[in-house]
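Hi,

Here is the structure I promised to send over. Have a look first, and then read on for what turned up in it.

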Amino acid sequence: MSVPPTPRPANARLQAMLHAPIAPTLARLAWPNILMMLAQSSTGLIETWFLARLGTPVLAGIALVVPVLMLMQNMSQGAMGGGISAAVARALGGGRQREADQLVLHAVALNALLGLVFCALLLAFGPLLYRALGAEGAALEAALAYSDVVFGGIVLMWLMNAFASAIRGTGNMLVPGAVICGGALLLVPLSPCLIFGWGPFPALGVAGGGWALVIYYGLGALILGAYCASGRNAARLVPSRLYLGLMRNILSVGALATINPLLTNALVALTAALVGAYAGTEAVAGYGIAVRLEYLLMPIAFGLGAPMVAMVGSNIGAGQPERALRIALTGGAMAFALAECIGLAAAFYPEAWLRLFGAQDHMLQAGAGYLRTVGPVYGFFALGFSMYFASQGAGRLKWPLVAGFLRLLLGIGAGGAALHLTGSLTVFYAVAASAMFVYGMVILGAVASGSWFGQGHLRKRGLFARP
(Lines give C-alpha, C1' and ligand atoms only; values in the text may rest on other atoms or scores of the structure.)
Protein backbone atom coordinates (compact mmCIF):
# COMPACT_ATOMS: atom_id res chain seq x y z
CA MET A 1 0.00 0.00 0.00
CA SER A 2 1.24 3.50 -0.79
CA VAL A 3 0.08 6.33 1.46
CA PRO A 4 0.32 9.73 -0.24
CA PRO A 5 2.36 12.49 1.43
CA THR A 6 0.35 14.90 3.54
CA PRO A 7 1.38 18.31 4.81
CA ARG A 8 2.96 18.29 8.24
CA PRO A 9 4.01 20.98 10.69
CA ALA A 10 7.67 21.92 11.05
CA ASN A 11 9.49 19.36 13.19
CA ALA A 12 12.60 20.78 14.85
CA ARG A 13 13.88 17.33 15.81
CA LEU A 14 13.55 16.11 12.24
CA GLN A 15 15.39 19.13 10.88
CA ALA A 16 18.22 18.56 13.36
CA MET A 17 18.51 14.91 12.30
CA LEU A 18 18.66 15.95 8.65
CA HIS A 19 20.95 18.98 8.83
CA ALA A 20 22.63 19.62 12.22
CA PRO A 21 26.26 18.59 13.01
CA ILE A 22 26.31 14.83 13.51
CA ALA A 23 28.28 14.20 16.72
CA PRO A 24 26.57 16.92 18.83
CA THR A 25 23.15 15.84 17.55
CA LEU A 26 23.85 12.19 18.35
CA ALA A 27 25.10 13.09 21.82
CA ARG A 28 22.05 15.27 22.50
CA LEU A 29 19.65 12.54 21.39
CA ALA A 30 21.60 9.74 23.06
CA TRP A 31 21.96 10.97 26.63
CA PRO A 32 18.33 10.42 27.74
CA ASN A 33 18.40 7.06 26.00
CA ILE A 34 21.64 6.01 27.70
CA LEU A 35 20.27 7.19 31.05
CA MET A 36 17.09 5.20 30.44
CA MET A 37 18.99 2.04 29.57
CA LEU A 38 21.35 2.43 32.51
CA ALA A 39 18.34 2.77 34.79
CA GLN A 40 16.80 -0.37 33.30
CA SER A 41 20.01 -2.36 33.63
CA SER A 42 20.72 -1.03 37.10
CA THR A 43 17.33 -2.09 38.39
CA GLY A 44 18.03 -5.60 37.08
CA LEU A 45 21.34 -5.59 38.92
CA ILE A 46 19.74 -4.27 42.10
CA GLU A 47 17.11 -6.99 41.86
CA THR A 48 19.90 -9.56 41.42
CA TRP A 49 21.56 -8.18 44.56
CA PHE A 50 18.35 -8.71 46.53
CA LEU A 51 17.77 -12.16 45.04
CA ALA A 52 21.36 -13.10 45.95
CA ARG A 53 20.24 -12.91 49.59
CA LEU A 54 18.09 -15.98 48.86
CA GLY A 55 21.14 -18.16 48.10
CA THR A 56 23.40 -19.42 45.33
CA PRO A 57 20.82 -21.84 43.83
CA VAL A 58 18.49 -18.88 43.26
CA LEU A 59 21.30 -16.95 41.56
CA ALA A 60 22.05 -19.95 39.34
CA GLY A 61 18.37 -20.30 38.39
CA ILE A 62 17.99 -16.60 37.63
CA ALA A 63 21.20 -16.71 35.53
CA LEU A 64 19.35 -19.03 33.13
CA VAL A 65 16.17 -16.92 32.98
CA VAL A 66 17.93 -13.58 32.44
CA PRO A 67 19.16 -14.36 28.88
CA VAL A 68 15.59 -15.27 27.88
CA LEU A 69 14.24 -12.08 29.49
CA MET A 70 16.94 -10.04 27.77
CA LEU A 71 16.01 -11.77 24.53
CA MET A 72 12.44 -10.51 24.93
CA GLN A 73 13.74 -7.04 25.79
CA ASN A 74 16.11 -6.95 22.83
CA MET A 75 13.53 -8.33 20.40
CA SER A 76 10.76 -5.95 21.46
CA GLN A 77 12.93 -2.86 21.97
CA GLY A 78 15.95 -3.35 19.73
CA ALA A 79 14.75 -5.58 16.88
CA MET A 80 11.04 -4.91 16.32
CA GLY A 81 11.56 -1.57 18.03
CA GLY A 82 14.24 -0.70 15.50
CA GLY A 83 11.90 -1.69 12.67
CA ILE A 84 9.18 0.55 14.13
CA SER A 85 11.52 3.51 14.64
CA ALA A 86 13.06 3.12 11.18
CA ALA A 87 9.65 2.97 9.47
CA VAL A 88 8.38 6.05 11.35
CA ALA A 89 11.63 7.97 10.67
CA ARG A 90 11.61 7.17 6.95
CA ALA A 91 7.97 8.24 6.67
CA LEU A 92 8.63 11.54 8.44
CA GLY A 93 11.85 12.13 6.49
CA GLY A 94 9.92 11.62 3.23
CA GLY A 95 7.11 13.97 4.31
CA ARG A 96 4.48 11.19 4.73
CA GLN A 97 2.76 12.33 7.94
CA ARG A 98 -0.37 10.20 7.54
CA GLU A 99 1.73 7.08 7.07
CA ALA A 100 3.79 7.91 10.17
CA ASP A 101 0.58 8.24 12.23
CA GLN A 102 -0.85 4.95 10.97
CA LEU A 103 2.41 3.13 11.67
CA VAL A 104 1.91 3.61 15.43
CA LEU A 105 -1.24 1.46 15.47
CA HIS A 106 0.43 -1.13 13.24
CA ALA A 107 3.39 -1.26 15.63
CA VAL A 108 1.10 -1.84 18.62
CA ALA A 109 -0.83 -4.59 16.83
CA LEU A 110 2.34 -6.42 15.76
CA ASN A 111 4.02 -6.22 19.16
CA ALA A 112 0.87 -7.27 21.02
CA LEU A 113 0.55 -10.36 18.82
CA LEU A 114 4.21 -11.27 19.27
CA GLY A 115 4.00 -10.74 23.02
CA LEU A 116 1.05 -13.13 23.30
CA VAL A 117 2.82 -15.75 21.19
CA PHE A 118 5.97 -15.65 23.34
CA CYS A 119 3.90 -15.68 26.53
CA ALA A 120 2.27 -18.95 25.47
CA LEU A 121 5.54 -20.52 24.28
CA LEU A 122 7.58 -19.64 27.36
CA LEU A 123 4.91 -20.75 29.82
CA ALA A 124 4.49 -24.05 27.98
CA PHE A 125 8.15 -24.87 27.32
CA GLY A 126 9.98 -23.02 30.11
CA PRO A 127 10.57 -26.16 32.23
CA LEU A 128 12.04 -28.04 29.25
CA LEU A 129 14.26 -25.08 28.34
CA TYR A 130 15.76 -24.62 31.81
CA ARG A 131 16.35 -28.35 32.26
CA ALA A 132 18.08 -28.42 28.88
CA LEU A 133 20.33 -25.59 30.08
CA GLY A 134 21.32 -27.62 33.14
CA ALA A 135 18.95 -26.40 35.89
CA GLU A 136 17.89 -28.91 38.49
CA GLY A 137 16.67 -29.02 42.07
CA ALA A 138 16.44 -25.68 43.86
CA ALA A 139 17.92 -23.81 40.88
CA LEU A 140 15.17 -25.14 38.59
CA GLU A 141 12.48 -24.24 41.13
CA ALA A 142 13.80 -20.68 41.38
CA ALA A 143 14.02 -20.33 37.59
CA LEU A 144 10.40 -21.45 37.13
CA ALA A 145 9.02 -19.33 39.99
CA TYR A 146 10.55 -16.20 38.46
CA SER A 147 9.97 -17.14 34.83
CA ASP A 148 6.27 -17.98 35.11
CA VAL A 149 5.42 -14.57 36.54
CA VAL A 150 7.61 -12.47 34.21
CA PHE A 151 6.67 -14.28 31.02
CA GLY A 152 3.02 -14.50 32.04
CA GLY A 153 2.93 -10.71 31.67
CA ILE A 154 5.51 -10.30 28.91
CA VAL A 155 2.96 -8.83 26.46
CA LEU A 156 3.09 -5.64 28.58
CA MET A 157 6.81 -5.31 27.84
CA TRP A 158 6.12 -5.68 24.11
CA LEU A 159 3.41 -3.00 24.25
CA MET A 160 5.57 -0.57 26.23
CA ASN A 161 8.40 -0.93 23.74
CA ALA A 162 6.07 -0.53 20.74
CA PHE A 163 4.99 2.90 21.98
CA ALA A 164 8.53 3.86 23.04
CA SER A 165 9.93 2.92 19.62
CA ALA A 166 7.27 4.90 17.74
CA ILE A 167 8.19 7.95 19.83
CA ARG A 168 11.93 7.44 19.25
CA GLY A 169 11.35 7.25 15.50
CA THR A 170 10.36 10.92 15.61
CA GLY A 171 13.70 11.84 17.21
CA ASN A 172 12.13 12.20 20.69
CA MET A 173 14.32 10.24 23.09
CA LEU A 174 13.40 12.27 26.17
CA VAL A 175 9.83 11.08 26.77
CA PRO A 176 10.56 7.32 26.62
CA GLY A 177 13.68 7.94 28.72
CA ALA A 178 11.77 9.85 31.38
CA VAL A 179 8.98 7.27 31.62
CA ILE A 180 11.32 4.29 31.78
CA CYS A 181 13.66 5.99 34.28
CA GLY A 182 10.63 6.82 36.42
CA GLY A 183 9.58 3.19 36.31
CA ALA A 184 13.08 2.14 37.32
CA LEU A 185 12.86 4.37 40.38
CA LEU A 186 9.61 2.61 41.28
CA LEU A 187 11.20 -0.82 40.85
CA VAL A 188 14.04 -0.19 43.32
CA PRO A 189 11.78 -0.17 46.43
CA LEU A 190 8.98 -2.34 44.99
CA SER A 191 11.17 -5.34 44.16
CA PRO A 192 12.52 -6.01 47.70
CA CYS A 193 9.10 -5.26 49.20
CA LEU A 194 7.58 -8.07 47.14
CA ILE A 195 10.56 -10.41 47.54
CA PHE A 196 10.91 -10.13 51.34
CA GLY A 197 7.44 -8.95 52.37
CA TRP A 198 8.37 -5.55 53.74
CA GLY A 199 5.56 -3.38 55.12
CA PRO A 200 2.08 -4.34 53.87
CA PHE A 201 3.41 -6.42 50.99
CA PRO A 202 3.35 -10.24 50.94
CA ALA A 203 6.66 -12.13 50.97
CA LEU A 204 6.66 -13.72 47.50
CA GLY A 205 10.32 -14.74 47.38
CA VAL A 206 11.88 -15.00 43.95
CA ALA A 207 8.45 -14.56 42.29
CA GLY A 208 8.20 -11.11 43.91
CA GLY A 209 10.96 -9.82 41.65
CA GLY A 210 8.94 -11.00 38.66
CA TRP A 211 5.76 -9.28 39.85
CA ALA A 212 7.63 -5.98 40.29
CA LEU A 213 8.76 -6.16 36.65
CA VAL A 214 5.24 -6.89 35.38
CA ILE A 215 3.83 -3.88 37.27
CA TYR A 216 6.59 -1.70 35.78
CA TYR A 217 5.85 -2.86 32.21
CA GLY A 218 2.12 -2.25 32.64
CA LEU A 219 2.52 1.30 33.93
CA GLY A 220 5.07 2.14 31.22
CA ALA A 221 2.77 0.89 28.45
CA LEU A 222 -0.13 2.90 29.83
CA ILE A 223 1.78 6.21 30.07
CA LEU A 224 3.55 5.96 26.70
CA GLY A 225 0.34 4.86 24.98
CA ALA A 226 -1.49 7.87 26.40
CA TYR A 227 1.27 10.15 25.12
CA CYS A 228 1.01 8.76 21.58
CA ALA A 229 -2.79 9.10 21.62
CA SER A 230 -2.69 12.66 22.98
CA GLY A 231 -1.38 14.21 19.76
CA ARG A 232 1.81 15.54 21.37
CA ASN A 233 3.96 12.98 19.58
CA ALA A 234 5.01 13.75 15.98
CA ALA A 235 3.56 10.33 15.01
CA ARG A 236 0.14 10.00 16.61
CA LEU A 237 -1.84 6.89 17.55
CA VAL A 238 -4.97 7.20 15.38
CA PRO A 239 -7.81 4.81 14.44
CA SER A 240 -7.01 3.07 11.17
CA ARG A 241 -7.49 -0.08 9.18
CA LEU A 242 -4.51 -2.42 9.28
CA TYR A 243 -2.68 -2.44 5.95
CA LEU A 244 -0.36 -5.22 4.82
CA GLY A 245 1.99 -2.70 3.20
CA LEU A 246 2.53 -0.83 6.48
CA MET A 247 3.04 -4.10 8.33
CA ARG A 248 5.72 -4.95 5.78
CA ASN A 249 7.41 -1.58 6.35
CA ILE A 250 8.00 -2.58 9.96
CA LEU A 251 8.62 -6.29 9.43
CA SER A 252 11.08 -5.82 6.56
CA VAL A 253 13.53 -4.60 9.21
CA GLY A 254 12.05 -5.77 12.52
CA ALA A 255 11.45 -9.42 11.64
CA LEU A 256 14.94 -9.88 10.22
CA ALA A 257 16.46 -7.96 13.11
CA THR A 258 15.01 -10.40 15.66
CA ILE A 259 17.66 -12.88 14.55
CA ASN A 260 20.39 -10.72 16.12
CA PRO A 261 19.11 -10.86 19.74
CA LEU A 262 18.35 -14.55 19.26
CA LEU A 263 22.02 -15.07 18.40
CA THR A 264 23.29 -12.83 21.22
CA ASN A 265 21.17 -14.33 23.96
CA ALA A 266 21.59 -17.88 22.68
CA LEU A 267 25.33 -17.30 23.00
CA VAL A 268 24.96 -16.17 26.64
CA ALA A 269 22.62 -19.03 27.55
CA LEU A 270 24.72 -21.73 25.85
CA THR A 271 27.90 -20.33 27.38
CA ALA A 272 26.26 -20.50 30.82
CA ALA A 273 25.28 -24.12 30.15
CA LEU A 274 28.84 -25.04 29.11
CA VAL A 275 30.37 -23.31 32.13
CA GLY A 276 27.92 -25.10 34.43
CA ALA A 277 28.56 -28.48 32.83
CA TYR A 278 32.35 -28.19 33.19
CA ALA A 279 32.71 -26.19 36.41
CA GLY A 280 29.50 -26.48 38.46
CA THR A 281 26.76 -24.27 39.93
CA GLU A 282 29.02 -21.72 41.66
CA ALA A 283 30.97 -21.17 38.45
CA VAL A 284 27.82 -20.57 36.40
CA ALA A 285 26.61 -18.14 39.08
CA GLY A 286 29.94 -16.28 38.77
CA TYR A 287 29.70 -16.24 35.00
CA GLY A 288 26.10 -15.02 35.22
CA ILE A 289 27.15 -12.07 37.39
CA ALA A 290 30.13 -11.26 35.18
CA VAL A 291 28.08 -11.29 31.98
CA ARG A 292 25.55 -8.97 33.64
CA LEU A 293 28.21 -6.28 33.21
CA GLU A 294 28.15 -7.05 29.50
CA TYR A 295 24.47 -6.18 29.54
CA LEU A 296 25.49 -2.75 30.83
CA LEU A 297 27.18 -2.19 27.47
CA MET A 298 23.75 -2.36 25.85
CA PRO A 299 22.68 0.98 27.36
CA ILE A 300 25.64 2.53 25.55
CA ALA A 301 25.10 0.66 22.29
CA PHE A 302 21.32 1.13 22.35
CA GLY A 303 21.57 4.63 23.80
CA LEU A 304 23.51 5.68 20.72
CA GLY A 305 21.88 3.10 18.45
CA ALA A 306 18.27 4.28 18.82
CA PRO A 307 19.12 7.84 17.69
CA MET A 308 21.19 6.29 14.90
CA VAL A 309 18.09 4.37 13.71
CA ALA A 310 16.07 7.58 13.62
CA MET A 311 18.86 9.70 12.09
CA VAL A 312 19.87 7.13 9.47
CA GLY A 313 16.24 6.32 8.62
CA SER A 314 15.19 9.96 8.25
CA ASN A 315 18.22 10.74 6.07
CA ILE A 316 17.54 7.71 3.88
CA GLY A 317 13.93 8.89 3.54
CA ALA A 318 15.16 12.39 2.64
CA GLY A 319 17.61 11.07 0.00
CA GLN A 320 20.83 11.78 1.93
CA PRO A 321 22.73 8.44 1.97
CA GLU A 322 26.19 9.99 2.48
CA ARG A 323 25.08 11.70 5.69
CA ALA A 324 23.41 8.46 6.82
CA LEU A 325 26.73 6.61 6.48
CA ARG A 326 28.65 9.31 8.34
CA ILE A 327 26.12 9.06 11.17
CA ALA A 328 26.78 5.30 11.45
CA LEU A 329 30.56 5.67 11.55
CA THR A 330 30.44 8.54 14.04
CA GLY A 331 28.05 6.73 16.36
CA GLY A 332 30.06 3.51 16.18
CA ALA A 333 33.24 5.33 17.19
CA MET A 334 31.48 6.96 20.16
CA ALA A 335 30.07 3.61 21.33
CA PHE A 336 33.48 1.94 21.04
CA ALA A 337 35.23 4.57 23.15
CA LEU A 338 32.67 4.48 25.97
CA ALA A 339 32.40 0.68 26.15
CA GLU A 340 36.16 0.13 25.97
CA CYS A 341 36.63 2.26 29.09
CA ILE A 342 34.16 0.04 30.98
CA GLY A 343 35.76 -3.14 29.67
CA LEU A 344 39.28 -2.14 30.70
CA ALA A 345 38.09 -1.12 34.18
CA ALA A 346 36.38 -4.52 34.55
CA ALA A 347 39.50 -6.35 33.38
CA PHE A 348 41.74 -4.58 35.90
CA TYR A 349 39.30 -4.65 38.84
CA PRO A 350 36.92 -7.60 38.31
CA GLU A 351 36.26 -8.35 41.98
CA ALA A 352 35.01 -4.81 42.59
CA TRP A 353 32.03 -5.85 40.49
CA LEU A 354 31.69 -9.50 41.48
CA ARG A 355 31.80 -8.97 45.26
CA LEU A 356 28.66 -6.87 45.04
CA PHE A 357 26.76 -10.13 44.54
CA GLY A 358 28.69 -12.79 46.42
CA ALA A 359 32.06 -13.86 47.82
CA GLN A 360 32.34 -17.61 47.20
CA ASP A 361 35.84 -18.39 45.94
CA HIS A 362 34.82 -20.56 42.99
CA MET A 363 32.23 -17.99 41.87
CA LEU A 364 34.78 -15.16 42.09
CA GLN A 365 37.37 -17.17 40.19
CA ALA A 366 35.04 -17.99 37.29
CA GLY A 367 33.65 -14.45 37.04
CA ALA A 368 37.03 -12.73 37.32
CA GLY A 369 38.51 -15.00 34.66
CA TYR A 370 35.76 -13.98 32.26
CA LEU A 371 36.11 -10.23 32.89
CA ARG A 372 39.92 -10.25 32.67
CA THR A 373 39.81 -12.02 29.32
CA VAL A 374 36.74 -10.57 27.62
CA GLY A 375 36.62 -7.09 29.16
CA PRO A 376 39.40 -5.64 26.96
CA VAL A 377 37.34 -6.28 23.79
CA TYR A 378 34.04 -4.85 25.08
CA GLY A 379 34.53 -1.87 22.77
CA PHE A 380 34.18 -4.10 19.72
CA PHE A 381 30.87 -5.47 21.00
CA ALA A 382 29.45 -1.96 21.45
CA LEU A 383 30.85 -0.89 18.06
CA GLY A 384 29.13 -3.76 16.26
CA PHE A 385 25.91 -3.50 18.25
CA SER A 386 25.49 0.24 17.64
CA MET A 387 26.15 -0.19 13.90
CA TYR A 388 23.57 -2.99 13.85
CA PHE A 389 21.05 -0.33 14.87
CA ALA A 390 22.31 2.03 12.19
CA SER A 391 21.85 -0.80 9.68
CA GLN A 392 18.23 -1.09 10.81
CA GLY A 393 17.72 2.56 9.90
CA ALA A 394 19.15 1.82 6.45
CA GLY A 395 17.15 -1.40 6.12
CA ARG A 396 20.39 -3.34 5.43
CA LEU A 397 20.93 -6.13 7.98
CA LYS A 398 22.88 -8.73 6.02
CA TRP A 399 26.33 -8.09 7.50
CA PRO A 400 25.26 -7.56 11.14
CA LEU A 401 23.50 -10.93 10.98
CA VAL A 402 26.51 -12.60 9.32
CA ALA A 403 28.69 -11.20 12.11
CA GLY A 404 26.27 -12.50 14.74
CA PHE A 405 26.37 -16.01 13.24
CA LEU A 406 30.17 -15.90 13.17
CA ARG A 407 30.30 -14.88 16.82
CA LEU A 408 27.99 -17.74 17.81
CA LEU A 409 29.93 -20.29 15.75
CA LEU A 410 33.25 -19.19 17.21
CA GLY A 411 32.04 -18.74 20.79
CA ILE A 412 30.07 -21.97 21.13
CA GLY A 413 31.50 -24.15 18.36
CA ALA A 414 35.21 -23.41 18.66
CA GLY A 415 34.90 -22.44 22.34
CA GLY A 416 33.02 -25.60 23.25
CA ALA A 417 35.59 -27.73 21.42
CA ALA A 418 38.42 -25.93 23.22
CA LEU A 419 36.72 -26.46 26.59
CA HIS A 420 36.20 -30.14 25.83
CA LEU A 421 39.85 -30.61 24.83
CA THR A 422 41.50 -28.53 27.55
CA GLY A 423 38.94 -28.31 30.37
CA SER A 424 40.16 -24.75 30.84
CA LEU A 425 37.70 -21.88 31.34
CA THR A 426 40.55 -19.47 30.53
CA VAL A 427 40.92 -20.92 27.02
CA PHE A 428 37.14 -20.91 26.62
CA TYR A 429 36.96 -17.24 27.57
CA ALA A 430 39.81 -16.39 25.19
CA VAL A 431 37.81 -17.84 22.31
CA ALA A 432 34.78 -15.80 23.46
CA ALA A 433 36.93 -12.64 23.38
CA SER A 434 38.14 -13.45 19.85
CA ALA A 435 34.54 -13.98 18.73
CA MET A 436 33.53 -10.58 20.14
CA PHE A 437 36.41 -8.89 18.30
CA VAL A 438 35.42 -10.55 15.00
CA TYR A 439 31.79 -9.47 15.49
CA GLY A 440 32.66 -5.79 15.77
CA MET A 441 35.23 -5.74 12.99
CA VAL A 442 33.04 -7.55 10.43
CA ILE A 443 30.20 -5.06 10.90
CA LEU A 444 32.57 -2.07 10.84
CA GLY A 445 34.26 -3.30 7.66
CA ALA A 446 30.94 -3.95 5.91
CA VAL A 447 29.39 -0.59 6.78
CA ALA A 448 32.54 1.44 6.11
CA SER A 449 32.93 -0.22 2.68
CA GLY A 450 29.60 1.22 1.56
CA SER A 451 27.73 -2.11 1.53
CA TRP A 452 24.43 -0.38 2.34
CA PHE A 453 24.31 1.36 -1.04
CA GLY A 454 27.20 -0.06 -3.07
CA GLN A 455 30.61 1.56 -3.05
CA GLY A 456 30.27 2.64 -6.67
CA HIS A 457 27.14 4.62 -5.84
CA LEU A 458 28.84 6.39 -2.96
CA ARG A 459 31.93 7.18 -5.02
CA LYS A 460 29.74 8.82 -7.61
CA ARG A 461 28.15 10.87 -4.85
CA GLY A 462 31.60 11.94 -3.64
CA LEU A 463 31.86 10.15 -0.29
CA PHE A 464 34.84 7.97 -1.23
CA ALA A 465 37.79 9.29 -3.18
CA ARG A 466 38.64 7.37 -6.31
CA PRO A 467 41.91 5.38 -6.13
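One cut-off to start with: a residue counts as buried when its relative accessible area is under 20%. Gln77 has a relative accessible area of 3%, so Gln77 is buried. Bear in mind that this is a predicted model.

Where does Gln77 lie? It is in helix H3. Setting aside its neighbours within four places in sequence, Gln77 is in contact with Met36, Met37 and Gln40, with Gly82, with Asn161, Ser165 and Arg168, and with Phe302.

Helix H3 covers residues 56–93, and it meets helix H16, residues 378–394: their axes come within 8 Å and cross at roughly 45°. Angles from 65 to 115 degrees would count as roughly perpendicular and those under 35 as roughly parallel, and H3 and H16 are therefore oblique to each other. The crossing of the two is right-handed. Which residues make the contact? On the H3 side they are Gly78, Ala79, Gly82, Gly83, Ala86 and Arg90, and on the H16 side Tyr388, Phe389, Gln392 and Gly393. By type, the contact of H3 with H16 has four nonpolar residues, five polar and one charged.

Cheers

Notes
Residues numbered from 1 in each chain as written. Predicted model: local features only at pLDDT ≥ 70, side-chain atom pairs only at ≥ 80, totals over all residues. Heavy atoms only, no water. Axes fitted to C-alpha atoms, helices over the stretch in contact; angles between N-to-C directions. Helix = DSSP H or I, 4+ residues; strand = E, 2+ residues; numbered from the N terminus. Parallel < 35°, antiparallel > 145°, perpendicular 65-115°, else oblique. Left-handed = near helix turned anticlockwise from the far one by under 90°. Contact = heavy atoms within 4.5 Å. Nonpolar A, V, L, I, M, F, W, Y, C, P; charged D, E, K, R; others polar. Buried < 20%, exposed > 50% of the residue type's maximum accessible area, 1.4 Å probe, protein only.
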